[in-house]
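Colleague: I have not looked at this structure before, and I would like to go through it with you step by step. Could we begin with the overall fold and then turn to the side chains?

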Amino acid sequence: ECGFIFLEDFGDGLAAGELRRTIQLVSSPATVAGELASEAVCASVMLQAGPAGLRQLEEQPFFAEAGGQPGRMEERYAEFLTDGSTFSFQYETAQGQPAAEGESPASLLPVRGLGAVWVFAAALFGGAAVFRDEKAGLCGCMPPGVRQAGTGLFLLAASVPASCACLLSVWIAGEWAGWPLEAGGMAVYLLLCVLLAGLLKWLAPDENILCAAAAVWLLGSLVLCGSGIRFDALLPEAGLAARLFPPYYYLSFFP
């Protein structure tokens, strides 16, 4: 991918401030690995040169021509490199403000996305359980209208505890957005999951076909909606595909 050649007069070139006489980068035109690795190589060179080497660089004409301020390189060296680290990171809040030192998010897992997939799974496999009850003859004595209403109630009975678990997990993870938004968003999402699970149950000829379809739906929901990765930022088509899965609409309630 790439390689760095330290020239014979590396030390002299570094001391004289002639950077082109120090290190030569050989890189494939089809990769950006050289540019990325250059950061680590530069940090290693600065560690070896130390403040004395930086002061020598500041004395060279190119430094003043570039608008450099005397002492600035040594100051930055002391700020970033005295602890042996190579890179420095600054974390910001969702509003673009710098995060307080030592502050860390309450949860690194996509709790809301995983919870949404769990609610959808409960509704789908609740439909599979209805198939088993129908085969056992538990619904045979019910009129057709009551039987359909009973199917909906059974799907709700399977998915409501999952929705409560999802809300509890969001609260524990510190991602709670307030009762109106949380309760309203979950109610709409729960109804959507029950309707879709009922439709799939009505279309599927038996329990095995419904479970196979549920696996496909849940895998797509988990990858595109529940993993916490914004695939639409990398591939716009992935954002369109995510709209086929209910968790996408639940997550759209929250910024």
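**Fold and side-chain contacts**

Modeller: The secondary structure of the protein chain comes to 10 helices and two strands. Please keep in mind throughout that this is a predicted model.

Colleague: What pattern does the protein chain follow when read along the sequence?

Modeller: The chain holds two strands along with 10 helices. Read along the sequence, these elements give the pattern β-α-β-α-α-α-α-α-α-α-α-α.

Colleague: What percentage of the residues in the protein chain is buried?

Modeller: A residue counts as buried when its relative accessible area is under 20%. Of the 255 residues in the protein chain, the share that is buried comes to 30%.

Colleague: Where is Asp9 found, and is this residue buried, partly exposed or exposed?

Modeller: Asp9 is found in the loop between β1 (2-6) and α1 (10-16). The C-alpha atom of Asp9 is separated by 6.8 Å from that of Thr22, a residue 13 positions away along the chain. Because its relative accessibility is 27%, Asp9 counts as partly exposed.

Colleague: How many salt bridges does the structure hold, and which side chains meet there?

Modeller: The structure holds one salt bridge. There the separation is 3.0 Å, taken from N to O, and the limit for such a pair is 4 Å. The side chains that meet are those of Arg112 and Glu182.

Colleague: Why does the pair of Arg112 and Glu182 tie together parts that are apart in sequence, and how many residues apart are they?

Modeller: The side chains of Arg112 and Glu182 meet in a salt bridge, and both residues are buried. Arg112 lies in helix α5 (residues 111-135) while Glu182 lies in helix α7 (residues 179-203), so the parts that the pair ties together are apart in sequence by 70 residues.

Colleague: Which ring does the charged end of Arg112 sit over?

Modeller: Arg112, which is buried, also has its charged end placed over an aromatic ring, 3.7 Å from the ring centre. In another arrangement of this kind, Lys201 lies over the face of Phe131 at 4.9 Å from the ring centre. For Arg112, the ring belongs to Phe254.

Colleague: Is the aromatic pair of Trp176 and Trp179 stacked or edge-to-face?

Modeller: A search of the whole structure finds six aromatic pairs. In one of them, Trp176 and Trp179 lie 5.0 Å apart, centre to centre, with 75° between the planes. Since planes over 60 degrees apart count as edge-to-face, the pair of Trp176 and Trp179 is edge-to-face.

Colleague: Is Trp179 buried or exposed?

Modeller: Trp176 counts as partly exposed because its relative accessibility is 27%. Trp179 has a relative accessible area of 60%, so this residue is exposed.

Colleague: Which backbone oxygen does the side chain of Ser159 reach?

Modeller: Ser159 lies in helix α6 (residues 144-172), and because its relative accessibility is 0%, Ser159 counts as buried. The side chain of Ser159 reaches, at 2.8 Å, the backbone oxygen of Leu155.

Colleague: Which helix contributes the largest share of the nonpolar patch?

Modeller: The nonpolar surface patch covers about 440 Å² and is made by Leu109, Leu114, Leu219, Leu222 and Val223. Val223 has its place in helix α8 and counts as partly exposed because its relative accessibility is 38%. The largest share of the patch, three residues, comes from helix α8 (residues 207-226).

Conventions. Residues are numbered from 1 along each chain as its sequence is written. This is a predicted model: local features need pLDDT of at least 70, side-chain atom pairs count only at pLDDT 80 or more; totals for chains, interfaces and linings use all residues. Side-chain values use heavy atoms; hydrogens and water are left out. Patches are made of residues with over 30% relative accessible area and no salt bridge: like charges are joined within 9 Å, nonpolar side chains (Val, Leu, Ile, Met, Phe, Trp, Tyr) within 5 Å. Accessible areas come from the Shrake-Rupley method with a 1.4 Å probe; for residues, only the protein chains shown count as cover. Helices (H or I, at least four residues) and strands (E, at least two) are DSSP runs, numbered from the N terminus. Buried means under 20% relative accessible area, exposed over 50%, partly exposed in between (1.4 Å probe, protein chains only). Rings of Phe, Tyr and Trp (its six-membered ring) pair if their centres lie within 6.5 Å; planes under 30 degrees apart count as stacked, over 60 as edge-to-face and the rest as tilted. A charge sits over a ring if NZ of Lys or CZ of Arg is within 6 Å of the ring centre and within 35 degrees of the ring normal. A polar contact is a pair of N or O atoms within 3.5 Å; within protein, one must be able to donate a hydrogen and the other to accept it, and residues adjacent in sequence count only if both atoms are side-chain atoms.
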